[in-house]
Each structure stands twice: as structure tokens, then as C-alpha cells.
Amino acid sequence: AEYQRKRDVFLDAVRASRFKIKPSNGTYFQLLDYSAISSEQDVELAKRLTIENKIASIPVSVFYHNPVQNHVLRFCFAKEEETLLRAGEIICSI
């Protein structure tokens, strides 16, 4: 229940962004599709977001033996509510 609440806080915080929310159940991570924002490879975008926007994400392609480019990043929502709300502000500004 606690992590569902955290996920819901995060989802509410990013809903107005240009990222598309992907279904995500049974995990501490929310998948966000960035295809409307950039055509960059996920590893490159994740690096750039960390450097320029101070928000960390995990590129999904690193989990594949043969990398795919599905324009999806993973964001961890196992954080304090204040952190999730700040993350939402940053994501909405991208």
C-alpha cells in the first residue's frame, strides 16, 4: 500500500509532462516513454537528464543482450514524497 501510494504520487506529479506513462505493476519503478520528446538513444538521454536536469533514470536497453530502442526510461519511486514531487516538477519542465 505504501509503494502504491508513492507510485500514485509520482504519477500525479508527472501526468502533465510530455512523457507517456507506461503500465507498471509489482515494481518500484515507473516506465516513461520519451518518444514525444527526443529521438536520442535511452542511454544518452538518461546521461543528459542526469547532467542537465539533475534527475536520474535507468535506460531500459541496458537490460537486453541485443539492445532495443523503445524510447523508455525507468524512474524509481521508492523515495520520499518531497523527492517525488520535485522529480515531477523537473520531468514536467522537460
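**Sheet pairing and aromatic contacts in a predicted model**

Isoleucine 21 stands opposite leucine 32 in E2. The model is a predicted one, in which local features require pLDDT of at least 70 and side-chain atom pairs count only at pLDDT 80 or more, while totals for chains, interfaces and linings use all residues. Residues are numbered from 1 along each chain as its sequence is written, and side-chain values rest on heavy atoms, with hydrogens and water left out.

Helices (H or I, at least four residues) and strands (E, at least two) are DSSP runs numbered from the N terminus. Four strands make up an open sheet with the order E1-E2-E4-E3 and antiparallel pairing; two strands are taken to pair if DSSP finds at least two bridges between them. Strand E1 (20–21) and E3 stand at the edges with a single partner strand each, so one side of each has no neighbour in the sheet. E1 is joined to strand E2 (residues 29–33) by two bridges, and these strands run antiparallel. Between E2 and E4 there are five bridges, again in the antiparallel sense. Glutamine 30 has phenylalanine 75 in E4 as its bridge partner. Four of the five residues of E2 are buried, and the strand is mostly covered; buried denotes under 20% relative accessible area, exposed over 50%, and partly exposed the range in between (1.4 Å probe, protein chains only).

Three aromatic pairs were found in a search of the whole structure. Rings of Phe, Tyr and Trp (its six-membered ring) pair if their centres lie within 6.5 Å, with planes under 30 degrees apart counted as stacked, over 60 as edge-to-face and the rest as tilted. The ring centres of phenylalanine 10 and phenylalanine 75 are 6.3 Å apart and the planes are at 35°, so this pair is tilted. Phenylalanine 10 belongs to helix H1 (residues 2–14) and phenylalanine 75 to strand E4 (residues 72–76), so the contact ties together parts 65 residues apart in sequence. Phenylalanine 10 is buried at a relative accessible area of 1%, and phenylalanine 75 is buried at 2%. One aromatic cluster is formed by Phe10, Phe19 and Phe75.

A further ring contact involves a charge. The charged end of arginine 74 sits over the ring of phenylalanine 29, 3.7 Å from the ring centre; the criterion is NZ of Lys or CZ of Arg within 6 Å of the ring centre and within 35 degrees of the ring normal.

Most residues other than glycine have a negative phi. Lysine 54, in the loop between helix H2 (42–53) and E3, has a positive phi near 60°. With 67% relative accessibility, lysine 54 is exposed. Histidine 71, in the loop between E3 and E4, is not a glycine either and has a positive phi of about 55°.

Phenylalanine 63 lies in the loop between strand E3 (58–59) and E4. The relative accessible area of phenylalanine 63 is 52%, and the residue is exposed.
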